[in-house]
Amino acid sequence: MKKTLFICSLLFSLSIVSAQTIESGSRNTAGYIKSDGTIENKSHSTVGYIKSDGTIENKSHSTIGRIKSDGTIENKSGSTVGYVKKDGTVENSSHSTIGYIKDNGTVEGSSHGTIGYASGIKKEWAAVAFFFFKLD
């Protein structure tokens with residue numbers, strides 16, 4: 001019995017570790033991004049996926065966009081909808097700054113006010129979650 005309880009506890013702990021929490025500016029959970037790129041809302045319902053090749057899919061696995069290696073974010077037609085620069089600046093298709101992803105995971109709007117937190121999450125993935133899936 002103790003062994004079964006230990007194994008269940010271990011499996012539960014591993015499932016928690018594999019997902020990074022996305023938090024609102026008030027530190028409430030807004031969603032999760034799993035290490036495999038699955039994006040979930042705060043109720044753990046899947047809202048989308050970011051594949052290892054940069055493809056962004058909705059919950060039905062239909063392609064809705066792509067993150068290119070240079071940080072360009074495109075819609076399903078290949079039109080640019082935004083950019084994530086190496087320094088964490090997030091821009092729309094017109095190169096107007098719409099936010100910032102800081103190295104510590106703090107997510108800021110264009111006026112540098114904190115809108116959320118995405119610690120331990122790739123900047124491009126955090127930008128997609130906050131500015132394109134609107135999880136906050």
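1. Is serine 93 buried, partly exposed or exposed? Serine 93 counts as partly exposed because its relative accessibility is 39%, where buried means under 20% relative accessible area, exposed over 50%, and partly exposed in between (1.4 Å probe, protein chains only).

2. On the basis of the note: this is a predicted model, in which local features need pLDDT of at least 70 and side-chain atom pairs count only at pLDDT 80 or more, while totals for chains, interfaces and linings use all residues. Residues are numbered from 1 along each chain as its sequence is written, and side-chain values use heavy atoms, with hydrogens and water left out.

3. The protein chain has two helices and twelve strands, these being DSSP runs numbered from the N terminus (helices H or I, at least four residues; strands E, at least two). Their order along the sequence is α-β-β-β-β-β-β-β-β-β-β-β-β-α. Of its 136 residues, 40% count as buried. Among contacts (heavy atoms within 4.5 Å) between residues at least 6 apart in sequence, 27% join residues at least 24 apart.

4. Serine 93 belongs to the loop between β9 (89–92) and β10 (97–101). Not counting residues up to four places away in sequence, serine 93 touches Thr80, Val81, Gly82 and Tyr83.

5. Glutamate 74, in strand β7 (residues 72–75), is buried because its relative accessible area is 15%. With neighbours within four places in sequence left aside, the contacts of glutamate 74 are Ile64, Gly65, Arg66, Lys68, Ser79, Thr80 and Val81.

6. Two charges sit over rings, by the criterion that NZ of Lys or CZ of Arg is within 6 Å of the ring centre and within 35 degrees of the ring normal. Arginine 27 lies over the face of tyrosine 117, 3.5 Å from the ring centre. The charged end of lysine 102 is placed over the ring of tyrosine 100, at 5.5 Å from its centre.

7. The lining of the largest pocket includes Lys51, Asp53, Arg66, Lys122, Glu124 and Trp125. A pocket is an open set of points on a 1 Å grid over the protein atoms alone, where a 1.4 Å probe fits, with protein on both sides within 12 Å along at least five of seven lines; lining residues have an atom within 4 Å of a point. The elements giving two or more residues to this lining are β6 (63–67) and α2 (123–132).
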